[in-house]
2 protein chains.
Amino acid sequence: MRKVFYISDGTAITAEILGHAVLSQFDIEFEQITIPFVESMEKAAEVVIKIDQSFFEQQPPLIFHSIVDEKIRATIERCNGISYDFLNTFVAPLEKQLGIKAEPKTHRTHGIANEAYSARIDAINYSLDNDDGISLKHLDKSELILVGVSRCGKTPSSLYLAMQFGIATANYPFINEDMENLKLPPELKKNKHKIFGLTIDPYRLHEIRTQRLANSKYASLRQCRAEVKEVEMLYRRERIPFIDTTKHSVEEITAKIIDTTGLKRQMF
Amino acid sequence: MRKVFYISDGTAITAEILGHAVLSQFDIEFEQITIPFVESMEKAAEVVIKIDQSFFEQQPPLIFHSIVDEKIRATIERCNGISYDFLNTFVAPLEKQLGIKAEPKTHRTHGIANEAYSARIDAINYSLDNDDGISLKHLDKSELILVGVSRCGKTPSSLYLAMQFGIATANYPFINEDMENLKLPPELKKNKHKIFGLTIDPYRLHEIRTQRLANSKYASLRQCRAEVKEVEMLYRRERIPFIDTTKHSVEEITAKIIDTTGLKRQMF
């Protein structure tokens, strides 16, 4: 398989994400290798040797890099792979447009210097402490409250909202015992403007729950259908905005929620 | 403040991350606006109007975009802002290099079609269920076990490892009661090859704990110093690799851990 390297003098997360986005436009598989923290000329020289030994059937490896340090970048580019320079490709035209020179600093992208960083950690802790209806006391401190049946995607979505976008997100599950006469508990009612609903295809829910607890009432298709139906009726009755998570990743679900609610995405 | 738009027909996460990385090389502040899911020509036309109304003191806004659909991309580029096209800048040279045409598909980057996706959700659930030493029963199923004193960064790091890299990460706290005769519990000892230690500057720890529980023994500088000292001695005695989290973001901490341990980063 042809090889791809993601290389950086920082975490290499930027190089990975953009490289992955670009390559996903092609219907080919690659062997992907990430090399972060290439911070010395010695390490850079080692990486070049590794690259030059990575030809596959005479095809040169592809190198996606985002390297702030100029000397290290120049060393990497001396390899026999095909280099794609994410940072510099856009930095030079931007310098012209902005009329100032870039001031290269490693670790500025994903560093802690970022003022928003402690707010982000607070959001993560908030979302954990208010996962799965553990506590309804602190809902006034949330920016968003996700609701839905068990296993419809509330927890991963809450954590992603906190981690990626810095949004303090609580979540609350509707369980079987609630279904008879489904309504919003008073604590949720008070914070209704913050509520966003998740729903899911009952068959997919049945599959997910079966993995967790096979042959239970909880996992039965009948139960999954009944719960989803009740909860969707509640959303419509209470005019709670909601999204079907069945075919969407956490990135898509959360980006859609932010887009619908107009919440502010933080960047880290 | 000069305006920057991140625009995509998907989640816009790629456009945000790369745009943020590029702009962080400049010491200027921008007003940042993200517009995801520009999936129709109508929406694209609305966005262009919004962009064209966003000049700041005659400075055109900057547009970072990652748009798969060709027609929508062309519409956005007709705006009066300065466009930077992340996807296409690299797709064209790659087509030449790979000798095949790109097959544009929206949502392939952060979509659920990705086979690794359910493994990722499993990793997130594992990390949550095995947070903060809640359970020591399932350590054999972990790929990594983070240890350290309370509030040194274990939980955010575990969740980020699961979310971003698909690594099932447990974590275990050393608490005051352990300090007298600090050693690894038998369950950890059995999984010693998976253990990675976190440490932190005692003064920073004191600040963090004070926010949580001011004027407590738990938060006192004396206690923080003693715990950190004991734990670092344990790491050295048991030859547990460890990292100081004080000045690092979760991205940096986790990328460093993966780099040190040689664990495999998954991509989503």
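A: Chain A is divided into domain 1 (3-98) and domain 2 (117-261), with bounds that come from an automatic or database domain assignment. The model is predicted, and local features need pLDDT of at least 70, side-chain atom pairs count only at pLDDT 80 or more, and totals for chains, interfaces and linings use all residues. Residues are numbered from 1 along each chain as its sequence is written, while chains are lettered from A and ligands numbered from 1 in the order in which they are written. Taken over C-alpha atoms, the centres of domain 1 of chain A and domain 2 of chain A are separated by 39 Å.

Next, the two chains together. In chain B, 59 residues are in contact with 59 residues of chain A; contact means that the C-beta atoms of two residues, placed from the backbone, lie within 7 Å. On the side of chain B that touches chain A, at least two residues each come from α1 (13-23), β2 (31-35), β4 (82-85), α4 (86-98), α5 (117-129), α6 (154-165) and α10 (250-261) of chain B. These labels number DSSP runs from the N terminus, helices being H or I of at least four residues and strands E of at least two. Sorted by class, this side of chain B has 32 nonpolar, 17 polar and ten charged residues. Ala, Val, Leu, Ile, Met, Phe, Trp, Tyr, Cys and Pro count as nonpolar, Asp, Glu, Lys and Arg as charged, and the others, Gly among them, as polar.

One helix pair spans the two chains. The axes of α1 (residues 13-23) of chain A and α4(B) come within 9 Å and cross at roughly 60°. An axis is a line fitted to C-alpha atoms, for helices over the stretch in contact, and angles run from 0 to 180 degrees between N-to-C directions. α1(A) and α4(B) are therefore oblique to each other: angles under 35 degrees count as roughly parallel, over 145 as roughly antiparallel, 65 to 115 as roughly perpendicular, and the rest as oblique. From α1(A), A:Leu18, A:Ala21 and A:Val22 meet B:Phe86, B:Leu87, B:Phe90, B:Val91 and B:Leu94 of α4(B). This contact of α1(A) with α4(B) has eight nonpolar, no polar and no charged residues.

Another pair lies within chain A. Helices α6 (residues 154-165) and α10 (residues 250-261) of chain A pack at about 70°, with their axes 9 Å apart, and are therefore roughly perpendicular to each other. A:Pro156, A:Ser157, A:Tyr160, A:Leu161 and A:Phe165 of α6(A) make the contact with A:Val250, A:Ile253, A:Thr254 and A:Ile258 of α10(A). By class, these residues are seven nonpolar, two polar and no charged.

Also in chain A, helix α9 (residues 221-238) holds A:Val228. A:Val228 counts as buried, because it has 23 C-beta neighbours inside 10 Å; the cut-off is 20 or more for buried, 12 or fewer for exposed, and partly exposed in between. Beyond four places in sequence, A:Val228 is in contact with A:Val149, A:Thr199, A:Ile200, A:Pro202 and A:Leu205.

Last, two loop residues of chain B. Most residues other than glycine have a negative phi. B:Phe37, in the loop between β2 and α2 (41-52) of chain B, has a positive phi near 55°. With 19 C-beta neighbours inside 10 Å, B:Phe37 is partly exposed. B:Glu57, in the loop between α2 and β3 (62-66) of chain B, has a positive phi near 45°. B:Glu57 is exposed, with 6 other C-beta atoms within 10 Å.
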